[in-house]
Amino acid sequence: MQVPSHVEYERATSVEHALTLLGRPDHRVLAGGHSLIPMMKLRLAQPGVLVDINGLAELAYITLDGAAGRGGQLRIGALARHADLLDSETAGRHFPIFHDAERVVADPIVRLWGTIGGSLCQADPSEDLSAVFAAVRATAVIRGQDGDREVPVREFHRGPYETVIGPGELLAEIRVPVTTGTGSAYEKVARRVGDWSVAAAAAVLQLDHGTVKQAGIGLTAVGAEHFVAAEAEDFLRDRPATEENFAQAATIAAEHCHPVADQRGPEDYKRHLVAELTTRALRRAAGRASQAAGKTA
Ligand SMILES: Cc1cc2nc3c(=O)[nH]c(=O)nc-3n(C[C@H](O)[C@H](O)[C@H](O)COP(=O)(O)OP(=O)(O)OC[C@H]3O[C@@H](n4cnc5c(N)ncnc54)[C@H](O)[C@@H]3O)c2cc1C
């Protein structure tokens with residue numbers, strides 16, 4: 001039996017209370033606990049005090065502020081659960097990629113309790129939402145006792161299991177700019193239903209009369225820096241949204257990532273998956289962008 005080492009427990013009664021507790025040495029946020037508790041059982045994490053934020057309803061929301069293309073943004077509280085994102089009609093309408101991804105994150109039990117904030121803060125290289133939020137160019141709102149600071153999700157992860165969140169801070173919200181003419185999609189291969197990715201690709205395309213105005217490409221579990229295929233994004237910008245260009249961008253993405261061989265497969269297989277999944281995600285994102293443009297025309 002795996003048993004965590006001794007740990008104290010505090011239940012935060014407000015965000016301010018949580019921040020005060022987190023300012024003390026060796027205190028750590030407990031959200032859904034689906035990553036932290038297993039790590040504690042394996043003694044890979046040994047916090048002195050768990051600060052339970054599950055009572056903080058003010059961090060559990062998904063709302064749309066403003067209008068698409070006019071500074072509008074989707075705001076997701078850090079304590080929103082995977083299941084909330086999957087159920088959110090607003091999130092799915094503007095970003096079908098969230099529903100694509102949430103359908104393949106773990107299983108319904110994990111999704112009911114695991115949080116969006118916990119997913120990002122865990123900084124697991126195989127976490128699906130890290131690539132998704134990188135692709136949609138989200139911003140993380142980090143709250144401390146002196147107020148909020150905003151960090152692009154593309155700069156949020158320092159490396160595996162490490163983020164820019166400091167002592168006395170917590171992730172409060174994730175903001176996603178809502179643009180017009182945009183489509184998005186997520187494609188994942190796992191060994192079985194509910195499993196972590198062998199590899200996965202997130203694509204967001206903003207099109208203008210068939211030309212790519214902006215591309216976002218995220219990669220999961222294949223060692224892409226900050227979960228992003230930046231060279232492939234650069235290649236696509238201002239090019240026609242064609243099958244040939246998608247295939248070329250996918251080849252570039254596969255060349256520039258750094259998968260490692262493990263029980264999920266050898267390196268060349270993972271590169272092959274990156275190329276295939278990136279092509280599929282770009283194709284579906286482009287189709288959805290065209291559909292979205294048709295609806296607003
Ligand atoms: C069986 C199983 C299968 C899974 N499969 C997948 C999968 O296929 N794809 C996938 O992406 N994920 C998968 N997961 C991971 C799951 O999505 C994450 O564990 C979960 O969402 C993390 O959120 P949590 O709320 O449980 O975080 P916790 O475990 O509570 O916390 C994780 C880390 O983040 C920190 N933290 C949490 N919230 C905050 C905050 N607001 N501010 C600062 N720090 C914070 C904690 O201190 C801790 O270090 C799986 C998990 C399990 C148990």
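**View A. Helix H7 in the shell around the ligand of the predicted model.** H7 contributes five residues, the largest share of this shell. Helix H7 spans 116-122, and at least two shell residues each also come from strand S2 (27-30), helix H8 (128-135) and strand S10 (169-177).

**View B. Residues around the ligand.** The ligand has 28 residues around it, of which Gly32, Ala106, Gly114, Gly118 and Cys121 come nearest. Sorted by class, the shell holds 14 nonpolar residues, eleven polar residues and three charged ones.

**View C. The ligand between two domains.** The shell around the ligand lies between domain 1 (8-51) and domain 2 (59-177), because both domains give residues to it.

**View D. Helix H8 and the residue that follows.** H8, which supplies at least two residues of the shell around the ligand, is mostly covered, with eight of its eight residues buried. The buried residues of H8 are Asp128, Leu129, Ser130, Ala131, Val132, Phe133, Ala134 and Ala135. Arg137 follows H8 and has a positive phi, near 55 degrees.

**View E. Ile97 in the largest nonpolar core.** This core has 91 residues, and those with the most contacts inside it are Ile97, Val132, Ala203, Leu205 and Ala253. Of these, Val132 is one of the buried residues in H8. Apart from neighbours within four places in sequence, Ile97 is in contact with Val132, Ala135, Val136, Ser184, Ala185, Tyr186, Ala202 and Val204.

Methods
Residues are numbered from 1 along each chain as its sequence is written. This is a predicted model: local features need pLDDT of at least 70, side-chain atom pairs count only at pLDDT 80 or more; totals for chains, interfaces and linings use all residues. A residue is near a molecule or strand if its C-beta atom, placed from the backbone, lies within 6 Å of it. Helices (H or I, at least four residues) and strands (E, at least two) are DSSP runs, numbered from the N terminus. Ala, Val, Leu, Ile, Met, Phe, Trp, Tyr, Cys and Pro count as nonpolar, Asp, Glu, Lys and Arg as charged, and the others, Gly among them, as polar. Domain bounds come from an automatic or database domain assignment. A nonpolar core is a set of buried Ala, Val, Leu, Ile, Met, Phe, Trp, Tyr and Cys residues joined through C-beta atoms within 7 Å. A residue is buried if 20 or more other C-beta atoms lie within 10 Å of its own, exposed if 12 or fewer, and partly exposed in between; C-beta atoms are placed from the backbone. Two residues are in contact if their C-beta atoms, placed from the backbone, lie within 7 Å.
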